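Trainee: I would like a close look at one part of this model. Please take the salt bridges and walk me through them.

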Amino acid sequence: MPQHDTGKTYARACTGAALETTINHSMDDPQDIVLFGSCFCPFVQRVWVALEVLGIPYSVNEVDIYKNPKPDDLLEVSPKGLVPALKLCRYHPPRALNESTVIMDYLEDLAFNTTKRSLFPSASDPYARGLVRLIGDHVNRALVPSFYRFLQSQEPGAQIQAGHDFHAAIASMVDLLQRIETEIFGAGGQSGSGELRAARDGLGLWVEGNDTPGWVDIMAGPWLFRANNVLKHYRSFVMPSGARFDTYLARLFEHPKFKMTCSDEDLYLQSYERYAFNRPNTSQVADAINSGRALP
């Protein structure tokens, strides 16, 4: 675990598989949807994976969100200057959306009317859909904030406590995933093979036999991925282990739709050093964690 801040700055462009994906979705081939993003941002990765899984055409505009002043084209679609943001060019003049969960909801609705793909179980099972949203809410309320508190904590005692909190957030997410299996596939749950397939299709990679990422995978995946490299490097974090969870992480991290949005590990280690040493004015997210406020 590094003991000293080497002054690394954040990366400004994707590398590895993500670089190839940005090239394939460059602004040279404009689409109705433009994703404004930065290469290291997990909130952006959420939207990026959703676009790929749902099969929605898009272009990528990589922006430097910490540039001062912020780029005008970013502020046009995101008044706070945050990413992700979507520019919707089908409207005249173009319209915009921001906030990762809001954008994912929009893409889910858009896909319903276009590509006919979904991140959720069938609408015929509102309870299963509700459980999926419950896990997503847990990710936003517990897993994501605890990731940043752990990474930004400086005192050993605070790091230990924050590490326990992050570990507990992962464990609670796994408990909820297991609840889905018990209540949807167990006694009193789905019975017919058609019903089982319909439910499985939207429950993500945790469910055996399902090869398509779902809402929960996309909501949590970017932070689980960074825990496996950034937290491991800067906080000596050891991911919870067990045959089922290990298999789940491997399926998630190696899934083509997820992997194609990932840069090389060095990019994340470089970009998150400022969080690990809690430098002043690191980001609006870091400031919110330090002040005990909700994330922006």
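Is E273 buried or exposed?

Mentor: E273 is buried, with a relative accessible area of 2%. Buried means under 20% relative accessible area, exposed over 50%, and partly exposed in between, with a 1.4 Å probe and protein chains only. A word on the basis: this is a predicted model, where local features need pLDDT of at least 70, side-chain atom pairs count only at pLDDT 80 or more, and totals for chains, interfaces and linings use all residues. Residues are numbered from 1 along each chain as its sequence is written, and side-chain values use heavy atoms, with hydrogens and water left out.

E273 forms a salt bridge with R279, at 2.8 Å from N to O. The term stands for a side-chain nitrogen of Lys or Arg within 4 Å of a carboxyl oxygen of Asp or Glu. This pair belongs to a network: salt bridges with shared partners join D5, K8, E273 and R279.

Searching the whole structure gives 11 salt bridges. One of them links R133 and D105, with the closest N and O atoms 3.4 Å apart. R133 sits in helix α5 (residues 126-152) and D105 in helix α4 (residues 100-113), so the pair ties together parts that are 28 residues apart in sequence. Helices here are DSSP runs of H or I, at least four residues, numbered from the N terminus. R133 is partly exposed at 40% relative accessibility. D105 is also partly exposed, at 27%.

Another salt bridge joins E254 and K259, at 2.8 Å from N to O. K259 is partly exposed, with 38% relative accessibility.

How values were computed. Helices (H or I, at least four residues) and strands (E, at least two) are DSSP runs, numbered from the N terminus.
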